[in-house]
Amino acid sequence: MFPIHDRGYKRLFSNKRFFRQLLETFVNEAWIKDLDFEQSEKVDKSFISEHYKETESDILYQVPFQKKEAYVYILIEFQSTVNWFMALRVLHYMSSFWLDYAENHPKCPKLPPIFPIVLYSGEEPWTAATQLAHLWEQPDLFTDYQPQFRYFKIIENEYSQTQLLQIGNLVSTLFLAETQPDIELLKNELLNSFDREEDKQAISLLLNWFKQLVVHGRRSTIDYHELESVITSKPEAKTMLETAIDQDRQKRFEQGKVEGKTEGQAEMLIILLETRFGELTPAQKHQIYRLNGESLLKLSAQLWNAQSLQEILASE
């Protein structure tokens, strides 16, 4: 799985198309059809505790429900370990919102409803309780005086590759990229999404996110403003993806050099050469496998300037 940075993820779900697809596809509740997504608005507030800002992001949307005020709160959980007290944390964030709402609407006699979602992108199975009552030491004691609360969970690693491919929208493709390591499958699915998706701004966000994912990984130096650039054609998208994948393969080759794995370097160089020049013959592969680490690095450095495979191999 390729890691991702939380700010890029939040940027994706700040797009209303991603938000709508998340609810319509992954939240199996009858009332979803009564939400007015066209009039939904992202609320520019966060209720994450300072202690958890490195491992969580949150997004709040105001979404009219049957012409009345309602909210959807999405807590995006990135840390690989599962926090058993997640239900308590989510309730704390929601209470913070209600307190803030009451302070800013002193004449309002009632509080608006909130639908809480925990979106988890980690690799470990999700084992935390979704109901607050499951956290009580003595659940039958003071029953009438304990808060009754649960959150809705969306756990990416609980969806199979087949399920995500069948869904075939922006969010399922995002989940596929997080849980499936087959980069060629992901490239094809992203290009298919370009054909299916009418909102080109949304698909551009996903394509640029994927580019940042394969080239940079989890790095705080990523320029997330690049996510805003609009890709206007499928050929442009294909070129961008192939360039990003080539850069990722080159980076893996360099990593192989650092780790001193000569055989792995040779295999990666063969992949890079075949990506650019087509399939190598057995003799050409044998020639590469015989090279030492220094020679492999030298050929790798020549890869992007050479005009032909023969030009590269002739240098050794």
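**Reading burial, salt bridges and helix packing**

Me: At 57% relative accessibility, does Glu-38 count as buried or exposed?

Reply: Glu-38 counts as exposed; the classes are buried (under 20% relative accessible area), exposed (over 50%) and partly exposed in between, with a 1.4 Å probe and protein chains only. This is a predicted model, in which local features need pLDDT of at least 70 and side-chain atom pairs count only at pLDDT 80 or more, while totals for chains, interfaces and linings use all residues. Residues are numbered from 1 along each chain as its sequence is written, and side-chain values use heavy atoms, leaving out hydrogens and water.

Me: With which residue does Glu-38 form a salt bridge?

Reply: Side chains of opposite charge can pair when their charged atoms come close. A salt bridge is a side-chain nitrogen of Lys or Arg within 4 Å of a carboxyl oxygen of Asp or Glu. Glu-38 pairs with Arg-20, their closest N and O atoms lying 3.1 Å apart. Arg-20 is in helix H2 (residues 16-26) and Glu-38 in the loop between H2 and strand E1 (41-43), 18 residues away; helices (H or I, at least four residues) and strands (E, at least two) are DSSP runs numbered from the N terminus. Arg-20 is partly exposed, at 26% relative accessibility. Glu-24 joins Arg-20 and Glu-38 in a network of salt bridges.

Me: How many salt bridges does the structure hold?

Reply: The structure holds 10. One of them joins Glu-56 to Arg-89, with the closest N and O atoms 1.9 Å apart. The pair links strand E2 to helix H3 across 33 residues, and both partners are buried. Another joins Lys-234 to Asp-195 at 2.8 Å between the closest N and O atoms. Lys-234 lies in helix H8 (residues 234-259) and Asp-195 in helix H6 (residues 183-196), so parts 39 residues apart in sequence are tied together. Lys-234 has a relative accessible area of 31% and is partly exposed, as is Asp-195 at 49%.

Me: Against which strands do the buried residues of H3 pack?

Reply: They pack against strand E2 (56-62), E3 and strand E4 (114-120), where contact means heavy atoms within 4.5 Å. The buried residues of H3 include Arg-89, Val-90, Leu-91, Phe-97 and Tyr-101.

Me: Which residues does Thr-173 touch?

Reply: Thr-173 lies in helix H5 (residues 170-179) and counts as buried at 2% relative accessibility. Not counting residues up to four places away in sequence, Thr-173 touches Glu-189, Leu-190, Ser-193, Arg-196 and Leu-206.
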